[in-house]
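Student: I have a protein model open, and I would like to learn how to read it. Could you take me through it feature by feature?

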Amino acid sequence: MRVLELPEPHAGPGHVRIKVAAADINPSDIVYRSGAIQKLMPEAFPVSDAYVVGWDAAGVIDEVGDGVRPELTVGTSALALVVPRLTLGAQAEYVVAPAESVVRAPRGVEPAAASTLLMNGVSAWHALELLEVAPGATVAVIGAAGAVGGYAVQLAKAAGLTVIADAAEGDRDLVAALGADHLVPRGDGFADAVLRLRPDGVDGLIDTAQFTGASGAAVRDGAVIATLRPAADAAADRGLRSRDVNVIENSGDTSVLTTLRDHAESGVLTLRVAATFAPDEVAQAHASMEAGGVRGRPVIVF
């Protein structure tokens, strides 16, 4: 990781430019930075000497192209969810984004905290949608203390669901404060603990920590398990369905981005910053994410 001087981007038709104040760091940034994404999708993500990572930008719109929504004006505090490709990632001084992927920033929220919202929020939102459960159902969340898991707990509660969430001993107060109805131990005893609460299994499972194979027993027959990355079928013979969250396909859903913004503004969602870093500390920031155990997100402040 290093700081680069690149040509200044400009907003074309249907796009806006944001002068970035803050950009968060997510686990997927490690996948991109390490080159693993190029092995998975070589045509979409070719090898390059200059590759700017980052999905989330918070800042102020300073250029507007033709044909964008009227509320996206120069001087508006805004959030952008961008798909990082070569020099177009969010961890940069300026970011140009499609207007459909930009919304006004939540009022009363500092840019560092606001930058943790969209990528993680969309992940949690899509995971919940994949479960196909109705209000009153019971769902379980693995990795509830993390950024996506925490949003999943809060969005599930806002949707009228009962939530069983895992928590290490040191995270119990945090996860309880997020609104989980029941806390169970994190790790190998998860499935047994869930079944003690729901003997027939929960109606759906959101796994943000890749523990799916060991936890399928906690889910009722025929239910959906939503994961952030592809996972092996937990129990295909029981009719369980494993579905993967896809942020790229949902990055331009303005209505979802706006709802997440409104939830952050009203306090339904709790935005958490693990630590802030200057741009020239980006390697340290990525290392902190890669080390694991982060509660909230590291954020680069420009």
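**Strands, sheets and spaces**

Tutor: Start with a pair: strand 1 and strand 4 (residues 94-98) run antiparallel and pair over five bridges. Two strands count as paired if DSSP finds at least two bridges between them. Strands (E, at least two residues) and helices (H or I, at least four) are DSSP runs, numbered from the N terminus. The model is predicted: local features need pLDDT of at least 70, side-chain atom pairs count only at pLDDT 80 or more, and totals for chains, interfaces and linings use all residues. Residues are numbered from 1 along each chain as its sequence is written, and side-chain values use heavy atoms, with hydrogens and water left out.

Student: Which residue stands opposite Val-16 in strand 4?

Tutor: Ala-97 does.

Student: With which strands does strand 1 pair in the antiparallel sense over six bridges and over three bridges?

Tutor: Over six bridges, the partner of strand 1 is strand 2 (residues 56-64). There, Val-20 has Gly-59 as its bridge partner. Over three bridges, the partner of strand 1 is strand 13 (residues 297-301). Look for Asp-24, which faces Val-299 in strand 13.

Student: How many residues of strand 1 are buried?

Tutor: First the general idea. Buried means under 20% relative accessible area, exposed means over 50%, and partly exposed lies in between (1.4 Å probe, protein chains only). Strand 1 (residues 15-24) has seven of its 10 residues buried, so the strand is mostly covered.

Student: How do I read side chains along a strand?

Tutor: In a regular strand, side chains alternate between the two faces of the sheet.

Student: In what order do the six strands of the open sheet stand?

Tutor: The order is 8-7-6-9-10-11, with parallel pairing. Strand 8 (182-185) and strand 11 (241-244) stand at the edges. Each has a single partner strand, so one side of each has no neighbour in the sheet. On average, neighbouring strands here are turned by 20° against each other, direction ignored. For such angles, axes are lines fitted to C-alpha atoms, for helices over the stretch in contact, and angles run from 0 to 180 degrees between N-to-C directions.

Student: Where can I check the pairing in that sheet?

Tutor: Strand 7 and strand 8 pair in parallel over four bridges. Ala-167 stands opposite Pro-185 in strand 8. Next, strand 9 (residues 202-207) and strand 10 (residues 219-227) pair in parallel over five bridges. Ile-206 has Ala-226 of strand 10 as its bridge partner. Strand 10 also pairs in parallel with strand 11, over four bridges. Thr-227 stands opposite Asp-244 in strand 11.

Student: Which residues of helix 7 are buried?

Tutor: In helix 7 (residues 190-197) they are Phe-190, Ala-191, Ala-193 and Val-194. They cover an arc of only 165° around the axis, so they lie on the same side of helix 7. The arc is taken from the directions from the helix axis to the C-beta atoms.

Student: How do I find empty space?

Tutor: Rolling a probe the size of a water molecule over the atoms shows where empty space is left. On a 1 Å grid over the protein atoms alone, a cavity is a set of points where a 1.4 Å probe fits but cannot get out. A pocket is an open set with protein on both sides within 12 Å along at least five of seven lines, and lining residues have an atom within 4 Å of a point.

Student: How much space lies in the largest pocket?

Tutor: About 1,200 Å³. Its lining has 43 residues, and the closest to the centre are Pro-27, Ser-28, Thr-208, Leu-228 and Arg-229. Helix 1 gives the most to this lining, with five residues.

Student: And the largest cavity: which residues line it?

Tutor: Thr-116, Ala-147, Tyr-151, Thr-270, Arg-272, Gly-296 and Arg-297 do. The largest cavity holds about 30 Å³ of space.

Student: Is Glu-132 buried or exposed?

Tutor: Exposed, with a relative accessible area of 53%. Glu-132 sits in the loop between helix 4 and strand 6 (138-142). Its phi is positive, about 55°, although Glu-132 is not a glycine.

Notes
Grid points are joined across faces, edges and corners, and a volume is the space filled by probe spheres set on the points.
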